[in-house]
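Subject: Structure handover

Hello,

Here is the structure I promised you. Please open it alongside this email, and then read on for what turned up.

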Amino acid sequence: MPATSLTRSSGKKKSLVKKVNSEKEKTRVSKTSEEISKNLIKGLKLPIVYSPSSPEKADLKHLTNWIKKNQKEIQRDLLIYGAILFRGFNIGSSENFEKVALGLDSNLSEAYLGTSPRDKKTKFVHTASELPSAYPIMQHAEMSFLNKPPKKLFFYAKVAPSKNGETPITDLRTVLREMPSHISDKVEKQGIKYIRHYDGPGASRYSLWKTKPWNEMFKTIDKKEAEKEIKKQDFDHEWLPGNKLRLINSQVGVRKHPISGSKAWHNHSQTFHIDSPRLEYQYVFKRQKTLRGLGVYLILSLLTGIKKLFSKSEDLDVHATYGDGSEISNKDIKTIIGVFWKNIQIFSWQKDDILYIDNYSVSHGRLPFVGPREIQVAWTE
Ligand SMILES: [Fe+2]
């Protein structure tokens, strides 16, 4: 597919893409064609795929050297496309994945205040999510509810699923542009308010609506230590009976990219909304017509109905409202999820794939799966 077909955006970005494309055409036949070829997966706008141009260029040392020498070009591609897939390289281990990630960005971080239970693999590498395989993970920018979300993310296919279990991605700049203005104006003006309830030490890590226990998030069972981080993150908190914790915070819902200045939809509104899992599964079920999928959808619908009937919205395990505290209606959430699914890009994992994401431009999620799958993650500051 010609590089120009990637262009799909506003004037400023169009001219930047055009300029980069013409430069890319020049480099394609010179330096990069000898080392790395760049393509798109058929039918997809994202990610741009970097592959070794010959088998001898696939080894780790060659890749890390190439990254060192071509940082400018890589960062330019990342700025434009928002996602780069390194495919066909011999990575082989979490340690080597970490080496590649460090080569791409030396500011890797260990701090994780997100909601998925994760297992540590190396200093900077964790499993992406230990949530059960039937759970859908909705599109989100990593930790968008924090003051300073990570700028970049890396996913690594240690064990690629044989079927399903994709990590779909979506261009958040497009999502913002295509969001109906009665929603995007409100989100941009008011931001999003998040209310989360956490169980304490000893509780299950695997609940669909609730996040992992607070001791796992704050890496301590000491409430005073947890409070230090809570204060640092500007969360309001309340300790509840049974060692439970309520966190409330407001955050912007649209962010400007720190380098390009382009605006993107940047919040967890649909990820933390009570109606989302059920609505998300309607789309999932269209792709994965399985008996389990139907069962999960019916159970989700039933549980959502019961929860909405018997719980006040502010007491739900996780909840998101507009910044002024007004509810995001079921209709609005349906629209938001619809815009994501109109633009979602889904590709199958191959073993040793590394997906490099600009967290200010592109979201990610996870589709349900059956069988072995191990996707690992690292992120920057
Ligand atoms: Fe995530």
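Is the crossing of α3 and α5 left-handed or right-handed? The crossing of these two helices is right-handed. Before the rest, one caution: this is a predicted model.

**The helix pair**

Helix α3 covers residues 60-69, and helix α5 covers residues 94-104. They pack at an angle of about 15°, and their axes are 9 Å apart. Angles under 35 degrees count as roughly parallel. α3 and α5 are therefore roughly parallel to each other. On the α3 side, the contact is made by L60, L63, T64, I67 and K68. On the α5 side, the residues are N96, K99, V100, G103 and L104. By class, the contact of α3 with α5 has 5 nonpolar, 3 polar and 2 charged residues.

**The sheet of 4 strands**

Next, an open sheet. Its 4 strands follow the order β10-β11-β9-β14, and the pairing is antiparallel. β10 (236-240) and β14 (318-322) stand at the edges. Each has a single partner strand, so one side of each is left without a neighbour in the sheet. Neighbouring strands here are turned by 15° against each other on average, direction ignored.

The pairings, going through the sheet:

- β10 and β11 pair in the antiparallel sense over 5 bridges. H237 has L247 in β11 as its bridge partner.
- β9 (residues 192-198) is joined to β14 by 5 bridges, again antiparallel. Here I192 has Y322 in β14 as its bridge partner.
- β9 is also joined to β11 (residues 244-251), by 7 antiparallel bridges. I195 has I248 in β11 as its bridge partner.

β10 and β11 also form a hairpin, with 3 residues between them. G242 sits in that turn and has a positive phi of about 80°.

Another open sheet has 3 strands, in the order β6-β16-β8, with antiparallel pairing. The edge strands are β6 (137-140) and β8 (169-171), and each pairs on one side only. The twist averages 15° from one strand to the next. β6 and β16 run antiparallel and are joined by 2 bridges. In that pairing, I137 stands opposite R366 in β16.

S363 is found in strand β16 (residues 362-366). Is S363 buried or exposed? S363 has 27 other C-beta atoms within 10 Å, so it is buried; the cut-off for that class is 20 or more. Setting aside residues up to four places away in sequence, S363 touches Q139, H140, A141, I169, T170 and L172. S363 and D171 are 192 residues apart in sequence, yet 6.5 Å apart in space, C-alpha to C-alpha.

I346 lies in the loop between α12 (330-343) and β15 (354-358). I346 has 17 other C-beta atoms within 10 Å, so it counts as partly exposed. Beyond its neighbours within four places in sequence, I346 is in contact with E166 and P168. Which residue lies 302 residues from I346 along the chain, with its C-alpha atom 7.7 Å away? That residue is L44.

**Backbone points to check**

Most residues other than glycine have a negative phi, and most peptide bonds are trans.

- The peptide bond from L46 to P47 is cis, with omega near -10°. P47 is found in the loop between β1 (36-40) and β2 (48-52).
- M143 is not a glycine, but its phi is positive, near 55°. M143 is found in the loop between β6 and β7 (152-159). With 19 other C-beta atoms within 10 Å, M143 is partly exposed.
- N164 is not a glycine either, and has a positive phi of about 60°. N164 is in the loop between β7 and β8. N164 counts as buried, with 21 C-beta neighbours inside 10 Å.

Best wishes

Methods: Residues are numbered from 1 along each chain as its sequence is written. This is a predicted model: local features need pLDDT of at least 70, side-chain atom pairs count only at pLDDT 80 or more; totals for chains, interfaces and linings use all residues. Axes are lines fitted to C-alpha atoms, for helices over the stretch in contact, and angles run from 0 to 180 degrees between N-to-C directions. Angles under 35 degrees count as roughly parallel, over 145 as roughly antiparallel, 65 to 115 as roughly perpendicular and the rest as oblique. A crossing is left-handed if the near helix is turned anticlockwise from the far one by less than a right angle, and right-handed if clockwise. Two residues are in contact if their C-beta atoms, placed from the backbone, lie within 7 Å. Ala, Val, Leu, Ile, Met, Phe, Trp, Tyr, Cys and Pro count as nonpolar, Asp, Glu, Lys and Arg as charged, and the others, Gly among them, as polar. A residue is buried if 20 or more other C-beta atoms lie within 10 Å of its own, exposed if 12 or fewer, and partly exposed in between; C-beta atoms are placed from the backbone. Two strands pair if DSSP finds at least two bridges between them.
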